[in-house]
Amino acid sequence: MVKTSYLNQMIDGLDKWLQSIRFCYTECNYIPEKLLTNNHRLNVILRTFFRLSPINLRGNRKGDAYPLTPQANVALLKAYNLSKDKEIIQMLLKRIWKLRSTKTKHFALKQGIKISISLYENDKEDPTPLNTVWFGQFLLEEQAGIFSKQDKKELLLSISDYLIEESGYNDHHSEGVYFYYGPTLKKEIYNASSLISSFLLRVGHLYDIQLYKTLGERGIQYIVNKQNDDGSWFYASPPEIKSIDCFHQSYILQALCMAKDYLPFDISISIEKGIRYYRQNLFKKYGDLVIPIRYDKRYPPRNTWLFQLVDGRDIAEALIFFSKYSYDETMINGLLSYLYKEFHNKKTGAFVSEILIWGKNKIPYIEFQAWFLYALKIVSSSIKKESI
């Protein structure tokens, strides 16, 4: 049996905390604008410094004075969609409309804050394909009846056209196609392309649009072709360093699981190999705890991975995967026990964002709280389905 006492306590505590702050707090990648420069490398250093600091150096604000960003708001939408909470969904949707990018013809969400990491730098008004796809997933799964069928269709088609026509892709011909990660990054990041491909495939079948089906199929084909013999995927293509981490492996596996029933070819072997690698190499058991392993130590870590023992997303995405796509009660219970013991603040209801080599990062970054809530509600939903 899944440990529902832990699960319910964490969901209730986090829900109360989120509502008490009106679903507004800072994100981990936020740098105060007055500190930003025109030098990308310097901005990356600043971002890394703020990202790794266990002390909140950005200052505390009140309510919605924090910058509005899509990562947290889309994840919260997906979480409250599971409980069909119309009032909260409508409030979050008002924020999403404010986050629509003005730089695209079709519907896309903007970054909301300037993002500076080693691979790329995007301004706050630049579109963000991955967050846009996550919003598209919410639309595909929306249960509260907020949208009419026509409005939902128009939004889904507009997002799809943005991904194809504006964000774009690289055609590798017989290998398949790769969908770009962002407006300035041409290096290939596999997890984002897999999620975009799966989304286009689902929309294509929902509305019987051959272009979306074909590109989605070829996108999945490309990801399958890039799988390593042991079942893993590198984070990025050459000449980037070879690196593999926990939650990005989950992203790709989730995308393949969402796509498998819509494909004219069989990817079951690829999924089986991927799950086997994921289970055997990116988790360890300690008593009744299941603890994610941040990255595969055979390869060098990327950026901040070196300083992290566990990223909150490693837990959240594992809970989602082993609840929704490859149900495993032992894994769920072990992950819930670890989350409850090491990440959950019983007094506030919020969660630690990550565990660094020098200790816990107790800053309750809003996107991590949103990811945890969505993951926990997925677990709760899966339990109900399993008991039917």
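What follows is a chat about helix packing and aromatic pairs in a predicted model.

Trainee: Fine. How do α6 and α7 cross?
Mentor: The axes of α6, residues 149-167, and α7, residues 190-207, come within 11 Å and cross at roughly 135 degrees. That angle makes α6 oblique to α7. The cut-off for roughly antiparallel is over 145.

Trainee: And which hand is the crossing of α6 and α7?
Mentor: Left-handed.

Trainee: Which residues of α6 and α7 meet?
Mentor: From α6, K152, K153, L156, L157, I159, S160, L163 and I164. From α7, their partners are I196, F199, L200, V203, L206 and Y207. By class, this contact of α6 with α7 has 11 nonpolar residues, one polar and two charged.

Trainee: Switching to α9 and α11. What are the angle and distance there?
Mentor: The axes of α9 (residues 246-259) and α11 (residues 312-325) cross at roughly 25 degrees and come within 8 Å. Angles under 35 degrees count as roughly parallel, so α9 and α11 are roughly parallel to each other. Their crossing is left-handed.

Trainee: New topic. How many aromatic pairs does the structure hold?
Mentor: There are 32. One of them is F23 with Y80, an edge-to-face pair at 5.7 Å centre to centre and 90 degrees between the planes.

Trainee: Where do F23 and Y80 sit in the chain?
Mentor: F23 is in the loop between α1 and α2, and Y80 is in helix α3. The two are 57 residues apart, and the pair links distant parts of the chain.

Trainee: Are F23 and Y80 buried or exposed?
Mentor: Both F23 and Y80 are buried.

Trainee: What about F283 and F322, how are their rings arranged?
Mentor: F283 and F322 are edge-to-face, with 5.9 Å centre to centre and 70 degrees between the planes. This pair also links distant parts of the chain: F283 lies in strand β5 and F322 in helix α11, 39 residues apart. F283 and F322 are buried.

Trainee: Last one. Which residues form one aromatic cluster?
Mentor: W97, F107, F135, F138 and F147.

Technical notes:
Residues numbered from 1 in each chain as written. Predicted model: local features only at pLDDT ≥ 70, side-chain atom pairs only at ≥ 80, totals over all residues. Heavy atoms only, no water. Axes fitted to C-alpha atoms, helices over the stretch in contact; angles between N-to-C directions. Helix = DSSP H or I, 4+ residues; strand = E, 2+ residues; numbered from the N terminus. Parallel < 35°, antiparallel > 145°, perpendicular 65-115°, else oblique. Left-handed = near helix turned anticlockwise from the far one by under 90°. Contact = heavy atoms within 4.5 Å. Nonpolar A, V, L, I, M, F, W, Y, C, P; charged D, E, K, R; others polar. Phe/Tyr/Trp six-rings, centres within 6.5 Å; stacked < 30°, edge-to-face > 60°. Buried < 20%, exposed > 50% of the residue type's maximum accessible area, 1.4 Å probe, protein only.
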